[in-house]
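Here is a short tour of a protein model for you to follow on screen. Take a look at the structure first, and then we will go through it topic by topic.

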Amino acid sequence: TRDKKELENKDVGNWYYEQQDLGNNYRLTDIQAALGLSQFEKIDWFTKRRKEIVERYNHSFKEIEGVILQKNEGYSDTVNHLYVLKLDLPMLKADRKEIFNALLAENIGVNVHYIPVYLHPYYKKLGYMKGLCPNAEELYDALVTIPLFPAMTNQDIEDVINGVNKIINYFRK
């Protein structure tokens, strides 16, 4: 749920959601499968465009102090689903939530992926507690994702780059 009235942890950012109970695993319908198959006709363009955007982001952010970029190994043919920025929090005078909100204010579709599963209420009730996986928690507290989708225009990409640079530069110590 994202319903603020139902959340156990209410003082979190706009990205936050909670798994409060187990749900069902619904399988793909025939219509959804047909739609998926039709998308294969566009896969070469989708992958090419995503790689172009990632290359542009990497070039723009590689020298900016305050963020750490995901490294894709050269021997792999990686097509990013998400573009992840790890905030170098010791170099910044704000936490992830404040930077997230500032990026939103710049009209950047920032998000956070993904909350460590054992921090959801359902798993807490089973006895899993904060501190179980400190590295995962530290990473979660420092990650944001920025827009990455094939239909982005070059101007969209530049707007994201300019907004990220503006916010990180503003919050740098």
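Helices (H or I, at least four residues) and strands (E, at least two) are DSSP runs, numbered from the N terminus. F40 lies in the loop between two of these helices, α1 (30-39) and α2 (43-61). This is a predicted model, where local features need pLDDT of at least 70 and side-chain atom pairs count only at pLDDT 80 or more, while totals for chains, interfaces and linings use all residues. Residues are numbered from 1 along each chain as its sequence is written, and side-chain values use heavy atoms, leaving out hydrogens and water.

**Out in the open**
- F40 is exposed because its relative accessible area is 54% (exposed means over 50%, buried under 20%, partly exposed in between; 1.4 Å probe, protein chains only).
- L126 sits in the loop between α4 (121-125) and α5 (134-142), and L126 counts as exposed because its relative accessibility is 53%.
- L126 and A102 are 24 residues apart in sequence, and 36 Å apart in space from C-alpha to C-alpha.

**Tucked away**
- H120 belongs to the loop between α3 (96-105) and α4.
- H120 counts as buried because its relative accessibility is 4%.
- Leaving aside residues up to four places away in sequence, H120 touches Y17, E18, Q19 and I115 (contact means heavy atoms within 4.5 Å).

**A strand with both faces covered**
- Strand β3 (residues 143-146) has L143 and T145 on one side and V144 and I146 on the other, all of them buried.
- Strands β2 (residues 83-87) and β3 run antiparallel and are joined by four bridges (two strands pair if DSSP finds at least two bridges between them).
- L85 has V144 in β3 as its bridge partner.
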